[in-house]
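This report covers helix packing, aromatic contacts and backbone geometry. Please read it alongside the sequence and model.

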Amino acid sequence: MAAKRSHGRSLAGRDVVSIFDLSDAEIESLFALADEMSRQSRTRSDLCADKILASLFYEPSTRTRFSFESAMLRLGGGIISCADVQASSVAKGETLADTVRILHSYADIIVIRHPLEGSAQAAADYSSVPVINAGDGPHEHPTQTLLDLYTIRREKGSIAGASVALVGDLKHGRTAHSLAFGLARFGAKIICIAPAGLEMPAEILERLERDFNLRPEFYHSLADFVSEPNRLAARIKEPVLTAEILKLIDVIYVTRVQKERFKSQKEFEAAKGSYAITSTLLRRARPDTLIMHPLPRVDELAYEVDLDPRAAYFRQASYGLPVRMALLAAVLGKRKTKAQPSPEAAGRTSEVDLTSAGIHCQNPGCITTTEVYLRARFIPVPDKPKRASCHYCGQEMSVSVSRE
Ligand code: NCD
């Protein structure tokens, strides 16, 4: 395993695999740096002229990949990438660990997107240069969260106290998973609106409550919101999104049904088209409610909404450039950010290796299922004596872990 070069506690040389790898102070100082970068996002500096970024994308991408590559070019650096990893030695059966150990001798930073959960952590463990997670299956997408939080801060003035509705496939949507934690950390309120079967995973809800004392409100549908008197008249037991509640929402964050993550076509067909943000619906929202979407959209966000001044999604995508310029400059040690240990780093010190006990992560979507050389590493869950979470994908399971 590669020893990471980290310069003290600053962001220089650090991996960004989870949103928890960054402390609140570091995120704030990245935003200040992004404000500065947005003034030079049409020019080319020489800040990172001696640096090379490797982009390793095992899944399709438009915004994330192009904005990372554009950010590196705007900072004067170079990029190496492969249009299709199946055109690399991956097609010959090369492991992730070996691919990364080759790339780290050619590049100063690796940006990875991969369909399996925990892949970015696995890559980081084998890389001597920083690894940035650009999406690991349905697990996390921390840099999208940075630009989502930056959008709210920039367009609404502050994140604290904002009511944010996360709408759509909250089960498989990695942007919603990372964002829920980011919002909780900065004091926002969360409302989850997901079709039945696509709700936010229980583990995320548990952590929101355990670590942030945050219990989101839940609704199954956007379309059938009704007024309170109608709700009482119909004796609807399940919480219903009323027009009154819609008026309290500051940000509607819409996500796509994640077609590629469904186990069966039938399940996908049942979920698809079950919700949509339309101008009719927005007539009942506040005039200053922000409409966000990580994009790409399919049919959950009508084109007519693009003309609405509340539609922020194209601006949101554009903020990806200054935010990623800031992150690259900080991680490559070219700009200083406020130093503060990340919350996740503290938890990782109590990690245990259960390989010799024959224990494996039980998540079928975990990187350990295909990259079988990876050690079975687990982190004890606070206050749950027999539970531990996988070092790679974060999934909790029952194991007897000695906490010595
Ligand atoms: C998202 C992703 O890849 O998770 N896209 C992005 O990075 N902007 C959202 C999605 O694919 O639905």
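## Aromatic and charge–ring contacts

The count of aromatic pairs comes to seven, where rings of Phe, Tyr and Trp (its six-membered ring) pair if their centres lie within 6.5 Å. Phe20, Phe181 and Phe212 make up one aromatic cluster. The model is predicted, with pLDDT of at least 70 needed for local features and 80 or more for side-chain atom pairs, while totals for chains, interfaces and linings use all residues. Residues are numbered from 1 along each chain as its sequence is written, and side-chain values use heavy atoms, with hydrogens and water left out.

Phe20 also has the charged end of Arg207 over its ring, 3.8 Å from the ring centre. A charge counts as over a ring if NZ of Lys or CZ of Arg is within 6 Å of the ring centre and within 35 degrees of the ring normal. Arg297 is placed over the face of Tyr303, at 3.7 Å from the ring centre.

## Packing of α5 with α6

Helices (H or I, at least four residues) and strands (E, at least two) are DSSP runs, numbered from the N terminus. Helix α5 spans residues 142–156 and helix α6 residues 174–185; their axes are 8 Å apart, at an angle of about 50°. Axes are lines fitted to C-alpha atoms, for helices over the stretch in contact, and angles run from 0 to 180 degrees between N-to-C directions. α5 and α6 are therefore oblique to each other; angles under 35 degrees count as roughly parallel, over 145 as roughly antiparallel, 65 to 115 as roughly perpendicular and the rest as oblique.

On the α5 side, the contact residues are Pro142, Gln144, Thr145, Asp148, Leu149 and Ile152, and they meet Thr175, Ser178, Leu179, Gly182 and Leu183 in α6 (contact means heavy atoms within 4.5 Å). By class, the residues of this contact are five nonpolar, five polar and one charged.

## Packing of α1

Helix α1 (residues 24–38) crosses α5 at roughly 75°, and the axes come within 11 Å. The two helices, α1 and α5, are therefore roughly perpendicular to each other. Residues of α1 including Ile27, Leu30 and Phe31 meet residues of α5, among them Leu146, Leu149 and Tyr150. The contact of α1 with α5 has eight nonpolar, one polar and three charged residues.

α1 also packs with α12, at an angle of about 115° and with axes 8 Å apart. Leu30, Leu33, Ala34, Met37 and Ser38 are the α1 residues that meet α12, where the partners include Pro322, Val323 and Met325.

## Backbone geometry in loops

Leu295 and Pro296 are joined by a cis peptide bond, with omega about 10°. Pro296 belongs to the loop between β9 (290–292) and α12 (313–331).

Asn213, a residue other than glycine, has a positive phi near 55°. Asn213 is located in the loop between α7 (202–212) and β7 (217–219).

Methods: Nonpolar A, V, L, I, M, F, W, Y, C, P; charged D, E, K, R; others polar. Phe/Tyr/Trp six-rings, centres within 6.5 Å; stacked < 30°, edge-to-face > 60°.
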